[in-house]
Amino acid sequence: MKINYDLKFQEELQKIKGTRPTLLLHVCCGPCSGNVIKEIADIFDITIYYSNSNIYPNDEYQRRYQELLTFIDQFNLDFNHHIKVIEDPYLPKEYLEKIAIYKDEPEGGKRCYLCYQERMSRAFDYASKNKFEYWSTVLSVSPHKNSQWINEIGASFDQEKTKFLFSDFKKNNGYLKSVRFADKYHLYRQSYCGCIYSYQDMLKRST
């Protein structure tokens, strides 16, 4: 039975209303994070965590990262916030070694689950070590991402160390809003998820 994670999200917001706790927010790129940040920046004291060793090749990784930095700088100016961006070390070889066992899996299969788990694990480690009250990820904003898996992974970590903010950011037209927000800021929107396997699939689709 599927859990309504958007409902859990709304219930949590009601509990913390007016307290503005700290939140470490894992993001994959500017377009996916833009509208999410806009909607919760007045509720949480947000720090962005860019942990994406899955992205291939290096030029693409750097392009997405620099686009995010540019966007956050402009967002801070436009909305009078002071959001910081933390970059996790880029370790593509180590990442690939972990997911290569599922290289023949289709997009959305076991390989993607392991990818969510790997990046979210690093976000949890950083959040717990640095005593963030909450942590979460914007991954669920994409209609191509399995929000049930994402939230189940979040729930698997020690909630006493740092609390996972359950969510399904694609709900309430979240994905459409993110697209429009990205267009407003003229953000680069990539044509594949990130890893070398999704990159190869993109090349096949374009031929």
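At what angle do the axes of helix α2 (residues 30-40) and α3 cross? They cross at roughly 20° and come within 10 Å, with axes fitted as lines to C-alpha atoms, for helices over the stretch in contact, and angles running from 0 to 180 degrees between N-to-C directions. The model is predicted: local features need pLDDT of at least 70, side-chain atom pairs count only at pLDDT 80 or more, and totals for chains, interfaces and linings use all residues. Residues are numbered from 1 along each chain as its sequence is written, and side-chain values use heavy atoms, leaving out hydrogens and water.

**Helix pair**
- Because angles under 35 degrees count as roughly parallel, α2 and α3 are roughly parallel to each other.
- Gly 30, Ser 33, Gly 34, Ile 37 and Lys 38 in α2 meet Leu 68, Phe 71, Ile 72, Phe 75 and Phe 79 in α3, where contact means heavy atoms within 4.5 Å.

**Tyr 65**
- Helix α3 (residues 58-79) holds Tyr 65; helices are DSSP runs (H or I, at least four residues) numbered from the N terminus.
- Tyr 65 is buried, at a relative accessible area of 10%; buried means under 20% (1.4 Å probe, protein chains only).
- Not counting residues up to four places away in sequence, Tyr 65 touches Tyr 50, Val 85 and Glu 87.
- Tyr 65 and Glu 87 lie 22 residues apart along the chain, with their C-alpha atoms separated by 8.6 Å.

How values were computed
Helix = DSSP H or I, 4+ residues; strand = E, 2+ residues; numbered from the N terminus. Buried < 20%, exposed > 50% of the residue type's maximum accessible area, 1.4 Å probe, protein only. Parallel < 35°, antiparallel > 145°, perpendicular 65-115°, else oblique.
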